[in-house]
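Hello,

Here is the structure for your files. My notes on it follow below the entry.

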Amino acid sequence: MTTETINQDRRRLIGASAALIAAAQLGKARAAGASSFGPLKQINAGALNIGYAEAGPASATPVLLLHGWPYDIHTYVDVAPLLAQAGYRVIVPYLRGYGRTRFLSSSTPRNGQQSVVAVDAIALMDALKIESAILGGCDWGARTVNIMAALWPERCKAMVSVSGYLIGSQDLNRNPLPPKAEQDWWYQFYFATERGRAGYEKYTREFSKLIWRLASPQWKFDDATFDRSAASFDNPDHVAVVIHNYRWRLGLAESDPKYDALEKRLAQFPNLSLPTITLEGDANGAPHPEPVVYAKKFSGKYAHRALTGGIGHNLPQEAPKEFAQAIIDVADWANA
C-alpha cells in the first residue's frame, strides 16, 4: 500500500465522518426549521451580476451546484452544509432570471436557450478564478452541467446529474412524441402561446406550486419552504427567460446566433467522459428519461443510483444526504 493510497483512505474517512456529523446537525436544524444559507454574495460574470451562496473553506475543492425551474438555490440548502462539513467549497448561484442575479445591460436578450445557461456558469467560474470544479445539477441544472462537461471538459472534474443525460436539440424536439409523453409536457405547449406567457406572468407562484406538487407528488413541503424559493421568481427577467427557454426548445423562439456553434456541437449528443453518478427518485412526476436510455452516454467511471421512499423531481432538496454522498463519491473517483 502506497503513501498516496493511505492518504486517500484517510481523506475518505475524514470526509465520511464529517458528513455523518453534518447529517446529524442537519436533522436537528430541519426539525427546528432553521435550515438556511448565510449571507449571499454578488459578482459580475459575463453578461450577469450573479447572486450566489457559498459555504465551506475557500481553499477547498470547489463544488458548483445548479438549480432548475421552478426552483432556486434552496434546492441545495441542506446539501451545502453537508458538503462544507466534508471539506468542500460549495458555490450555489441563482440562474439568469432568478433571485438576485441580474443582467448587466438592458440590451442583452433575455435568452433561455440551453447553451447560454452553461456559458453563464463558466463565466462564474472564471470570475471566481475556479479552474475546474465538481458539478451537480437538477432539472435545468442537470442539463447545464451535462453541457459544461460536453463543451468544456477541462473545467469539470466529476458530475452528479439528476435524471441523467438531458442535452437536447431543436431538431430532435421537432419530432412528435407518443400522446402520453406529450401530455406530460403540457406546460411547454401552454408557454408556446401568448395566453400561456400572460398566465405565467399573472400566476407565477400558483403555477410554480402546481409544478412542485405534480413533479414531487409525495413531497410534503410546507408553505414556508415554497415561499422561500418562490421569492426568487420576483426577478424582473424571470418570465422572459423561462418563456424563451421553453419556446426555444420547440423552435418557436430564435437562438442567439453567437451560440450557434455551441448548439451545433450539442446537437451531436456527445458522450461525457468525466466520472459521473446519475440519480433518480422513485416518485418523479416530471418528464424524465429512463436510465437505460442514457447510461451509455457516460463513457467514464459511472454509476446510477435509484432512490426510494417517495423521492420526487427536486431530489437534492428531498434527499439531501443521498445527493451530498454522491458528490463526495464522484470526488473520490476523480482523485483516485
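**Asn-314 and its surroundings**

The side chains of Asn-314 and Thr-75 make a polar contact at 3.1 Å (a pair of N or O atoms within 3.5 Å; within protein, one must be able to donate a hydrogen and the other to accept it, and residues adjacent in sequence count only if both atoms are side-chain atoms). This is a predicted model, in which local features need pLDDT of at least 70 and side-chain atom pairs count only at pLDDT 80 or more, while totals for chains, interfaces and linings use all residues. Residues are numbered from 1 along each chain as its sequence is written, and side-chain values use heavy atoms, with hydrogens and water left out.

Asn-314 lies in the loop between β9 (302-307) and α14 (315-318); helices (H or I, at least four residues) and strands (E, at least two) are DSSP runs, numbered from the N terminus. Asn-314 is buried, at a relative accessible area of 1% (buried is under 20%, exposed over 50%, partly exposed in between, with a 1.4 Å probe and protein chains only). Setting aside neighbours within four places in sequence, Asn-314 is in contact with Tyr-71, Thr-75, Cys-138, Ser-216 and Trp-219, where contact means heavy atoms within 4.5 Å.

**Backbone exceptions**

Most residues other than glycine have a negative phi, and most peptide bonds are trans. The bond from Trp-69 to Pro-70 is cis, with omega near -5°, and Pro-70 sits in the loop between β3 (62-66) and α2 (79-85).

- Lys-129, with phi near 60°, is in the loop between α3 (114-127) and β6 (133-137). Lys-129 is exposed, with a relative accessible area of 74%.
- Ser-163, with phi of about 70°, is in the loop between β7 (156-162) and α5 (170-173). Ser-163 is buried, with a relative accessible area of 4%.

**Helices**

The axes of α8 (residues 194-202) and α11 (residues 238-249) come within 10 Å and cross at roughly 145°; axes are lines fitted to C-alpha atoms, for helices over the stretch in contact, and angles run from 0 to 180 degrees between N-to-C directions. Glu-194, Arg-197, Tyr-200 and Glu-201 of α8 meet His-238, Val-239, Val-242, Ile-243 and Arg-247 of α11.

Helix α9 (residues 204-215) has buried residues that include Phe-207, Ile-211 and Trp-212. Among the elements covering the buried residues of α9 are α7 (186-191), α8, α10 (223-230) and α11.

Regards
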